[in-house]
Amino acid sequence: MSHLSERPENPVVGIPLPHESAALHVTGEALYTDDLVGRTAGALHAWPVQAPHAHAMVTGLRPEPAYDVPGVVRVLTAADVPGVNDAGVKHDEPLFPTEVMFHGHAVCWVLGETQEAARLGAAAVEVDYEPLPSLVTVPEAIAAESFQGARPHLERGDVTGALDDAAHVFEGEFEFAGQEHFYLETHVSLALVDEAGQVLVHSSTQHPSETQEIVAHVLGLPSHAVTVQCLRMGGAFGGKEMQPHGYAAIAALGATLTGRPVRLRLNRTQDMTMSGKRHGFHSTWRVGFDADGLLVALEATLTADGGWSLDLSEPVLARALCHIDNAYWVPNVRVDGRIARTHKTSQTAFRGFGGPQGMLVMEDLLGRCAPLLGIDPIELRRRNFYRSHHTTPYGQPVRHADRLEACWDQVAESGEVARRRTEIAEFNRQNPHSKRGLAMTPVKFGISFNLTAFNQAGALVHVYKDGSVLINHGGTEMGQGLHTKMLQVAATTLGVPLERVRLAPTRTDKVPNTSATAASSGADLNGAAIKNACEQIRERLAQVAGGRLGISPNDVRFEAGTVRGISVASGSISWDELVNTAYHQRVQLWAAGFYRTEGLHWDAASMRGEPFKYFAYGVAAAEVEVSGFTGAYTLRRVDIVHDVGDSLSPLIDIGQIEGGFVQGAGWLTLEDLRWDASDGPTRGRLATQAASTYKLPSFSEMPEVFRVTLLEKAHEEGAVYGSKAVGEPPLMLAFSVREALREAAAAFGPAGTSVELASPATPEAVFWAIERARTPATPEPGTDTGTAEPVLAGGR
């Protein structure tokens, strides 16, 4: 067992604990960035001037009328920027644009004594626009060949030959939507400047170091002159990995120019119209099966809707290509990727980071092809699972593939899937106007950042002479429970009670050059860095304890606040007494920890290597009931078994699995982003700007029976205390809901009906799928219907 993954006796990790701020959350006492404004005297408020066009040139900007509005202090424009007028790491996101690239694009910002004064001032600013042609949909961008960024290509084997020899070949087209993050806390920053010109930015950001970097280059300052702090976030889901930087820069610019604190907080409509979403995708595919229903070849093209700038579209697309296989062995693969440039918000990271989009293509085609093959969808999926000797299309061995089957078998058994499917078949025979469906789907998700350099983390641990412990790390808390796990890691490594450890807010002047809290790697990276720092301190204390107890330092043990030898006869000393003794012996009681993930290598140009430390596995079974009159449905039951290794904090992990699953079900079945694609004056406007028009999962969408189990005996070598990541993988378990809806819709038609199902599969979409199932089309073999229906190619 590796040193990093080995657990001591009676560890604090592994104990089911509530979230460290749970009581503060439910009582309203938890402070978020915007709560600090009330504690900051004289803060100004920022408001954007948003463009009413999807694409236009700014031909005139007259801020003077804003100064006639009482309370307006300053209008920020490009002329005020002392550094670089750009908020993106790709240098393609002007902070103050001269070319409007999406409906709602901010062309300047107004600072006021109150938010209302800033709003009225923004309304008074006069802007002249020259409207330009715009591309709103991905098919429009494809037709116009409007692409940006890299075009990755992933290939293994002889795809053409395998398709020519395949017993069954199908092809299809599938376009599916993005998703709004809809975190409870919108984007917000509060910037202050001290007497020395040092800038402090409180920001709701997943990536404080990158926020620091962008603020510094906008202001023309070195990074050491800017400090970014993230107290906590009210949700993020990837939407605060890249997108907060520009808002933080606006607040910092305003504070620098006025000498007063500046608060920028978007309201919900502004947040939805100005910030990026999950990438929607367009896909075309061709797939071959042998006579036994085994996958032999896949050819696909994935086009991501990148919006107006690159943001994180390139790594999102790369991960989509790397996850198109999901849990299935495909010996011959050829996948091409491209990023459409459209006049919409710049789409960005979202939980799963392209993985869900790639995996959805595979799950969709399997669901559509299974009836045409005459194979039960559950059997078709199981039949094509990876085995332990297999490698992915990009060349990484699939370790612990047996865990996938273990999860599958456990769900099938504990969920009584066979019995319930028999009951569902009988229910469907007796009920002509409502049908039920039950589907099982797997997840195999790679853990690590695509960019190898991001797989590092730092930590700073202080032990004070009274024995109390303060930890700082580079990860951010967005409600996911990272801080809870880090407290448990520190307490376990030092061998002290949990209540002796406190965690400080994330700050760039404590731990520098940190990676984003993303890619499900927060606990892996920061936990290992904290463990490293604590071990340095513990080793020093072991020397002191060995002297006090008269034993070798190697025989010293730390547990529950007591330090003792291996033998009872050695005696013991309390943690507090040992620390005090060490202080008086002038022993260093703090340490900086560091961790880098070993064993990773990746060639982005050839799309080859081993980019992931390990794979996380999971399986879900979902049962639905659908009305044939309206397409409305009920999620009756969900059974999940998920692999989190040896859990650092089981209660936190189960909560993440439940939350990720529900968010995935929202993406796949409810959340329908709609942009105005007409040729009218509101072209490009986001029509779903609020919870009143954008449907989010609520209690009514929760399954009546929801069973989540952590896979046992799943220790992960080479990860902190044997744990595995949990943030993103559970989202893809929601494929089971969509596939269950497909089966229920198909039950309205004759046996063997292949159902095309839109995504999101809203009740309306399900209704039209039911209508098509009732009157199925029967294309001649080898013809292309021009729809996304699978087509039997070449008569084979």
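Let me begin with the record: an unreviewed UniProt entry lists residues 27-133 as "domain: Aldehyde oxidase/xanthine dehydrogenase a/b hammerhead". UniProt positions are given in the numbering used here, feature names are shortened, and annotations may be inferred rather than shown by experiment. The model itself is predicted, with local features needing pLDDT of at least 70, side-chain atom pairs counting only at pLDDT 80 or more, and totals for chains, interfaces and linings using all residues. Residues are numbered from 1 along each chain as its sequence is written, and side-chain values use heavy atoms, with hydrogens and water left out.

Over residues 27-133 the chain is 10% helix and 32% strand, and the end C-alpha atoms stand 50 Å apart. Helices (H or I, at least four residues) and strands (E, at least two) are DSSP runs, numbered from the N terminus.

I turn now to helix packing. Two packed helices are described by the angle between their axes and the distance between the axes. Axes are lines fitted to C-alpha atoms, for helices over the stretch in contact, and angles run from 0 to 180 degrees between N-to-C directions.

Consider helix H5 (residues 208-219) and helix H6 (residues 244-258), whose axes come within 9 Å and cross at roughly 45°. H5 is therefore oblique to H6. For that wording, angles under 35 degrees count as roughly parallel, over 145 as roughly antiparallel, 65 to 115 as roughly perpendicular and the rest as oblique. The crossing of H5 and H6 is right-handed; a crossing is left-handed if the near helix is turned anticlockwise from the far one by less than a right angle, and right-handed if clockwise. Which residues in H5 meet H6? They are Glu 210, Thr 211, Ile 214, Val 215, Val 218 and Leu 219, and they meet His 245, Ala 248, Ala 249, Ala 252, Leu 253 and Thr 256 in H6. Contact here means heavy atoms within 4.5 Å. By class, this contact of H5 with H6 has eight nonpolar, three polar and one charged residues. Ala, Val, Leu, Ile, Met, Phe, Trp, Tyr, Cys and Pro count as nonpolar, Asp, Glu, Lys and Arg as charged, and the others, Gly among them, as polar.

Next, the sheets. In the order E20-E19-E18-E25, four strands form an open sheet with mixed pairing. Strand E20 (501-503) and strand E25 (590-596) are at the edges with a single partner strand each, so one side of each has no neighbour in the sheet. From one strand to the next, the twist averages 20°. Two strands pair if DSSP finds at least two bridges between them. Strand E18 (residues 456-463) and strand E19 (residues 469-473) pair in the antiparallel sense over five bridges, and the bridge partner of Val 461 is Ile 471 in E19.

The residues of the contact of H13 with H14 divide into eight nonpolar, four polar and four charged.

H14 also meets H15: the two axes come within 10 Å and cross at roughly 100°. H14 and H15 are therefore roughly perpendicular to each other. In H14, Leu 541, Val 544, Ala 545 and Arg 548 take part, meeting Trp 575, Glu 577, Leu 578, Val 579, Thr 581 and Ala 582 in H15.

A second open sheet has three strands in the order E22-E23-E24, with antiparallel pairing. Three bridges join strand E23 (residues 562-565) to E24, and Thr 562 has Ser 574 in E24 as its bridge partner. Helix H15 (residues 575-584) packs on this sheet, touching E22, E23 and E24, and its direction makes about 80° with that of E24.

Finally, two backbone points. Most residues other than glycine have a negative phi, and most peptide bonds are trans. Asn 326 has a positive phi of about 45° although it is not a glycine, and lies in the loop between helix H8 (313-322) and strand E16 (332-340). The peptide bond from Ser 759 to Pro 760 is cis, with omega near 10°. Pro 760 lies in the loop between helix H17 (735-746) and helix H18 (763-774).
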